[in-house]
Amino acid sequence: MTMNWRTLTGQALLYGLFALFIGVFSSWPRYQALPDGQAVMKISFIHHGQRVAPCRPLTAEELAKLPPNMRAPLKCERERAPVTIEVDLDGQTVFRHVAQPTGLSRDGAAAVYQRLVLPVGEHRIAVRLKDTTGPDFNHTREATVQLAPAQVLVIDFDANKGGITLS
Amino acid sequence: MQQRWLTALDHRFDAAFGAPANPLKQLGALGFLLLWLLAISGIVLYVLLDTSAAGALRSIERLQDAPWRSGDALRGLHRYGADAFVVVMFAHLLRELWLGRFRAWHRHAWWTGVVLVPLALACAIGGFWLNWDRLGQYSAIATAEWLDALLGTPVARNFLAGGVSDRLFSLFVFVHLGLPLLLVFGAWAHVQRLGHPAVFPRRVLALGTTLTLLALAFAWPVRSQGPADVGTVPQQLALDWLLLFLHPLADRFSNEATWAVSALLLGGLLVLPLWPARARPAAAQVHPRECSGCGRCVGDCPYGAISLVPHPLRRTGVMLPQVRAAQCASCGLCVASCPSSTPFRKTAQLATGIDLPQFPLAQLREQLRRGLAAGKRRVVFGCERGARIAQLQDPQVLALTLPCAGMLPPSFVDYALREGARTVLVAGCREGGCDFRLGPRWTAERLVGEREPHLRTLPAESWQWIEADAGEEPRLNAALQENPP
């Protein structure tokens with residue numbers, strides 16, 4: 001094919017349009033990932049619920065049936081209780097979830113990850129968590145927080161830090 | 001009918017670039033070029049990258065101070081190359097879909113190509129995380145939340161307070177190195193069942209595309225968007241919509257809905273080839289008695305449908321082609337490549353080494369003989385998918401339509417002239433637009449003596465080769481008028 005000014009102009013135009021398309025849509029229009037005046041609350045934990053049945057000592061007969069190297073003094077069932085969490089925001093329950101233990105024997109950790117968008121400003125937050133088979137929540141935490149624009153408030157559970165944490 | 005507007009668009013691009021270098025006809029080859037550019041720029045970037053969460057952004061930012069704006073060129077080439085790759089990939093997919101090239105012998109390329117789409121997007125998304133800025137943070141967390149919706153385990157917990165560990169950042173690096181390697185392997189598999197696959201575009205197109213991306217990199221340098229901070233959510237982002245479009249979709253419609261739509265689209269594309277279609281013409285048939293086992297048909301098949309096996313009738317070491325019917329497009333390119341495909345043979349029933357059952361070479365010779373005996377002196381061989389030669393009005397014209405112009409053995413041109421034709425015109429589709437990929441290329445090369453079997457040297461004014469698509473019949477007429485008998 002012979003090159004002349006018409007073909008060269010055509011090529012320049014098409015290359016230019018291609019570049020313009022890529023250049024524009026690689027950064028425009030700007031994306032509002034979070035609206036102004038909003039913050040984010042992330043409720044997340046990985047936590048083992050307590051055992052469904054408490055550990056009990058083995059009887060002498062049961063111990064005798066076991067090989068000598070397996071004679072542990074306590075027998076513990078593997079299954080764990082589901083972990084229930086409730087979060088109130090300014091007196092309204094905004095999140096309630098029952099996290100089931102993982103694993104075929106239901107002996108793994110229960111996990112939660114939830115992202116909630118809320119307006120900035122002062123909020124009263126109450127968190128209740130239950131990791132036993134009993135009827136009552138055995139961990140609670142209440143706090144008043146001041147949320148700045150785009151701030152991420154994380155509600156977690158860490159037994160080593162006293163249970164429910166807000167950070 | 002449905003292809004008319006696409007053919008018209010192709011012709012516009014042909015006018016600017018020439019048919020062989022038309023980017024619309026070289027989308028797959030362009031994809032390979034862009035993959036090369038991404039691999040080369042990516043390797044250099046990896047050498048310069050500090051692979052720790054704290055140092056990654058700083059190391060990328062330092063590129064801005066590199067001499068002669070080489071850092072901008074490198075970064076722009078990688079980012080805009082990825083953008084271009086995704087654009088070219090989707091254009092390639094839509095073009096093949098529109099042209100119905102997903103059934104029968106296209107199946108393998110279609111299925112492997114569709115699988116490459118999510119893989120390419122995953123490669124691209126992972127690249128943003130390595131530049132650990134606000135955009136990388138947004139993309140990494142959005143991806144983790146998207147995965148959580150499917151897997152159920154909270155991957156996104158890795159991005160809570162405390163920042164991202166170097167261990168997790170190493171995983172990012174692994175993702176952006178491992179997935180592209182898989183992509184390269186997938187691209188190799190994609191073209192495995194093609195004969196002479198176009199894995200690099202014409203040089204002029206490759207140069208033009210590379211220079212365009214470089215110019216874009218200088219004119220619109222890629223910039224980071226501030227250091228990542230998992231304690232806050234990025235609010236306003238200069239989002240790359242070509243590569244990260246899934247994140248806003250998930251934000252708008254939920255992660256679960258985006259998964260469902262993606263799975264439906266992908267699944268729909270994967271089952272398309274199984275949709276019932278009209279009956280296919282019979283595959284090419286090998287005639288062992290006429291075959292010398294030269295293997296030219298193997299080399300000329302556009303879909304790699306022929307392989308060689310030991311010849312049952314000849315001495316040890318002589319091979320015989322074997323056609324895999326499922327991969328055969330019944331184009332007849334193999335027929336023209338066979339040295340036995342010559343009308344000069346004295347046998348009463350013309351036979352050749354490999355032939356099309358629905359349009360045997362003997363039938364073509366018979367049509368030619370009858371036409372010449374009836375006094376026609378201008379022979380036109382054409383393609384049933386190209387310009388409609390039956391519409392030619394000249395009473396002197398003997399129009400012979402083949403499944404593809406590439407099926408015409410050059411010796412038929414010679415034969416027609418010896419048997420009384422004054423001129424012979426061979427018309428094929430424009431290069432790059434052939435439904436059977438290589439028809440016009442092989443025909444042109446055989447006629448000018450660059451490919452076996454080639455045309456015997458004949459007076460230049462006695463024959464003509466013209467590329468004309470369907471709808472370009474006036475060009476054929478004009479070519480006939482230019483070269484009167």
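This is a predicted model: local features need pLDDT of at least 70, side-chain atom pairs count only at pLDDT 80 or more; totals for chains, interfaces and linings use all residues.
**Domains.** I started with how chain B is divided. The domain assignment gives domain 1 as 4-274 and domain 2 as 285-482. I looked up the C-alpha centres of these two domains of chain B and found them 42 Å apart. Next I checked where they touch: 14 residues of domain 1 are in contact with 17 residues of domain 2 in chain B.

Then I turned to H5 of chain B, residues 107-130. This helix has 24 residues and reaches 36 Å from its first C-alpha to its last, close to the 34 Å expected. Where is the kink in H5(B)? I found a kink of about 25° at Val117(B), shortly before the proline Pro118(B).

**The sheet.** I went on to an open sheet of four strands in chain B, with parallel pairing and the order S7-S6-S8-S9. Strands S7 (397-402) and S9 (463-467) of chain B are the edge strands, so named as each pairs on one side only. On average, neighbouring strands of this sheet are turned by 15° against each other, direction ignored.

I looked further into one pair. S6 (residues 378-383) and S8 (residues 423-428) of chain B run parallel and are joined by four bridges. Which residue is the bridge partner of Phe381(B) in S8(B)? Val426(B) is that partner.

**Helix H15.** Last, I looked at what lies across these strands. Helix H15 of chain B (residues 439-447) lies across S6, S8 and S9 of chain B, and runs at about 150° to S8(B).

How values were computed: Residues are numbered from 1 along each chain as its sequence is written. Chains are lettered from A and ligands numbered from 1 in the order in which they are written. Helices (H or I, at least four residues) and strands (E, at least two) are DSSP runs, numbered from the N terminus. The expected span of a helix is 1.5 Å times one less than its number of residues. The bend at a residue is the angle between axes fitted to the seven residues ending there and the seven starting there. Domain bounds come from an automatic or database domain assignment. Two residues are in contact if their C-beta atoms, placed from the backbone, lie within 7 Å. Two strands pair if DSSP finds at least two bridges between them. Axes are lines fitted to C-alpha atoms, for helices over the stretch in contact, and angles run from 0 to 180 degrees between N-to-C directions.
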